[in-house]
Amino acid sequence: MDLCIEAFGTSKQKRALNSRRMNAVGNDILNTAVTKAAANIVDAKGVTALIQDVAQDDVQNISAFLPPCNEDADKPENVYKFEYILSPAEYEALRIPAAAFVNITPEEIIKKTQDRSHCCFVLEELKFLPTNEKSRDHKARCLWFLDTLIKFSYQKVIKKKYPMGPECPQVISRKLMKNFTSLTYNNNSVQNLISASMKAKITAYVIALALHINNFQIDLTVLQNDLKLQESRMMDIAKAMRLKVSRAKGLPELENDQNHKLGTLSLPLPVQKASGNQRKRKKMN
């Protein structure tokens, strides 16, 4: 039965199988860890992190991975404060790599769109960079980091010290590794893993930054496609961040001209509701 689930089961069945196997071997792993000195701590943390990821993903416990939310904010920009997304040192480090966006020409944007060298959200926003020098530089830095964060989310196991290449400032590389990966221990080595929970966290921070970029109203469908997420997952995260979701016609140049979902951050914040899955799980318990 387990082999059938591995080969043909649904994602939910596979997660349950993995969870059951982890629980079955948990005691052996912990007993072995006691005799392993420094490696045992990493091993225990890795197993714990993986078990937590399975459980949290199963009940859609997204709130633990959201940026700090100021529910008493007097204006939208203070709900998810910019400095919670990028510290002053990180923001300063973006000046050099973002210079390419500051000085970009319409011809270069067309070529980048054809090459798909950046995500759709960024390519669209590059068409509307402000003419004011300071505002243009600020938006360029935000777009460069957002693009890097989305590309980082495509990875699974991080094997390089600087996974985004030499052009990415070290302070940004350290931020990605520290804040958006889980440590696990496998084959006698420590690995950085982008788990389901870390993907949710990346998505939440992408949404928060995109709101600051685009005056607190964003096309969630564009970001969903950029992040390669299912619509239901994107909507769960957006609603957990207290966005008001509405329908809107997609941009004409986007494929299929599909109906898009807009996310708006406005005050007062909507009351947060428990998901249907959580209510069902409580009844089962």
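My axes are lines fitted to C-alpha atoms, for helices over the stretch in contact, and angles run from 0 to 180 degrees between N-to-C directions.

**Ground rules.** This is a predicted model, where local features need pLDDT of at least 70, side-chain atom pairs count only at pLDDT 80 or more, and totals for chains, interfaces and linings use all residues. Residues are numbered from 1 along each chain as its sequence is written, and side-chain values use heavy atoms, with hydrogens and water left out. Helices (H or I, at least four residues) and strands (E, at least two) are DSSP runs, numbered from the N terminus.

**Entry 1, α11 and α12.** I started with helix α11 (residues 196-213) against helix α12 (residues 220-227), and got an angle of about 140° with the axes 11 Å apart. The two are therefore oblique to each other. I noted the crossing of α11 past α12 as right-handed; that term applies if the near helix is turned clockwise from the far one by less than a right angle, and left-handed if anticlockwise. Contact here means heavy atoms within 4.5 Å. Sorted by class, I have six nonpolar, one polar and one charged residues. (Ala, Val, Leu, Ile, Met, Phe, Trp, Tyr, Cys and Pro count as nonpolar, Asp, Glu, Lys and Arg as charged, and the others, Gly among them, as polar.)

Next I checked α11 with helix α13 (residues 231-240): about 60° is the angle, and the axes lie 10 Å apart. This pair is therefore oblique too, and α11 passes α13 in a right-handed crossing. Ala196, Ala200, Thr203, Ala204 and Ile207 of α11 touch Arg233, Met234, Ile237 and Ala238 of α13. Lys228 is not a glycine, yet its phi is positive, about 60°.

Helix α9 (residues 133-152) packs on helix α10 (residues 170-179) at about 45°, with 12 Å between the axes. That makes α9 oblique to α10. From α9, Phe145, Thr148, Leu149 and Phe152 meet Ile172, Lys175, Leu176 and Met177 of α10. I sorted these into six nonpolar, one polar and one charged.

I traced an open, antiparallel sheet of three strands in the order β1-β3-β2; strands pair if DSSP finds at least two bridges between them. β1 (157-158) and β2 (182-186) are the edges, each pairing on one side only. Two bridges link β1 to β3 (residues 189-193), and Val157 has Leu193 as its bridge partner in β3.

I found a cis peptide bond between Leu267 and Pro268, with omega about -5°. Pro268 sits in the loop between β6 (259-264) and α14.

For pLDDT, the predictor's confidence in each residue from 0 to 100, the chain mean is 83, and 79% of residues reach 70 or more. Helix α14 (residues 276-284) is lowest with a mean of 46, while α9 is highest at 97. Where pLDDT is low, the predicted coordinates should not be read in detail.

How values were computed
Parallel < 35°, antiparallel > 145°, perpendicular 65-115°, else oblique.
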